[in-house]
Amino acid sequence: WTHVLQIHLPKTFIMKTNAEIRQEALSLMKGNWGTAIVIVLISSIISGFSSMLYYIPTIFVAFPLSIGVAITFMHFVRGTQKLSIESAFSVFTAEKYWKSVGLALLMYVYTLLWTLLFIVPGVIKSLSNTLAPYIWADNPELTADQAIEQSMKMMDGHKTDLFLIVLGITALSLLSGILLFIPLIWLLPYFQAVVAKFYEEVKRSYEEASCQ
């Protein structure tokens, strides 16, 4: 009559390290570099041209395009959608455009206001807002302010991790100056993939903590 008592404890999600996130992002880029480079180059050219025309083109063209590129790489790292130029411009559809403009503009304004106080608070605010585009893509019913607020919650305890990722990419970008910044062609899309992968890890960690 002996019974063996089995206790099933919930599995605890362990977030991957920055090194693991970077390595996985790099592996995903294999066979996709061409399209990824074209997407980032087009968006960079458009953003650069828009900035020369001052605020209006930047707000209404460059800002939403940056949101579209981020969302495109999010779907790519998930394996739910292939990289394509069309997907990067998907935010310019009627139902997404104005919301993407509002989200990008609000993120910019919040960061700018904190930067006007001091540089460090501005950097922290920028890190806190980073996940907002991905959150909005997953929850299109959210307002821009709600997406940013959710990003701040999810980034609690993870801002240092993201800062180190950004710092590493920035250092590589500066070093690329030795080669006339040509390596930026690969670094910029790689960075997009890394941040998208970072979001996936933070999202799962946050959802795990919320269920406990």
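**View 1. Helix α5 and what covers it.** Helix α5 covers residues 94–117; helices here are DSSP runs of H or I with at least four residues, numbered from the N terminus. With 24 residues, α5 reaches 36 Å from its first C-alpha to its last, close to the 34 Å expected at 1.5 Å a residue (the expected span is 1.5 Å times one less than the number of residues). This is a predicted model, where local features need pLDDT of at least 70 and side-chain atom pairs count only at pLDDT 80 or more, while totals for chains, interfaces and linings use all residues. Residues are numbered from 1 along each chain as its sequence is written, and side-chain values use heavy atoms, with hydrogens and water left out. Tucked away in α5 as buried residues are Tyr 97, Ser 100, Val 101, Leu 103, Ala 104, Met 107 and Thr 111; buried means under 20% relative accessible area, exposed over 50%, and partly exposed in between, with a 1.4 Å probe and protein chains only. Their cover includes α3, α6 (119–129), α7 (132–138) and α8 (144–154).

**View 2. α5 against α8.** These two helices pack at an angle of about 55°, their axes 9 Å apart. Axes are lines fitted to C-alpha atoms, for helices over the stretch in contact, and angles run from 0 to 180 degrees between N-to-C directions. So α5 is oblique to α8; angles under 35 degrees count as roughly parallel, over 145 as roughly antiparallel, 65 to 115 as roughly perpendicular, and the rest as oblique. On the α5 side, look for Gly 102, Leu 103, Leu 106, Met 107 and Tyr 110, and on the α8 side for Ala 144, Asp 145, Ala 147 and Ile 148. Contact means heavy atoms within 4.5 Å. By class, that gives 7 nonpolar, 1 polar and 1 charged residues, where Ala, Val, Leu, Ile, Met, Phe, Trp, Tyr, Cys and Pro count as nonpolar, Asp, Glu, Lys and Arg as charged, and the others, Gly among them, as polar.

**View 3. α2 alongside α3.** Helix α2 (residues 33–52) and helix α3 (residues 55–78) pack at about 165°, with axes 9 Å apart. The pair is therefore roughly antiparallel, and α2 passes α3 in a left-handed crossing. Among the residues that meet here are Ile 39, Val 40 and Ser 43 of α2, and Val 69, Thr 72 and Phe 73 of α3. The contact divides into 10 nonpolar, 6 polar and no charged residues.

View 4. Thr 72 of α3 counts as buried at 1% relative accessibility. Beyond four places in sequence, Thr 72 touches Ile 39, Leu 83, Ser 84, Ser 87 and Ala 88. Gln 192 sits in helix α10 (residues 184–211) and, leaving aside neighbours within four places, contacts Val 40, Val 69, Ala 70 and Phe 73.

View 5. Phi is near 60° for Leu 180 and near 65° for Phe 181. Most residues other than glycine have a negative phi. Leu 180 is exposed at 71% relative accessibility, whereas Phe 181 is partly exposed at 44%.

Notes:
Left-handed = near helix turned anticlockwise from the far one by under 90°.
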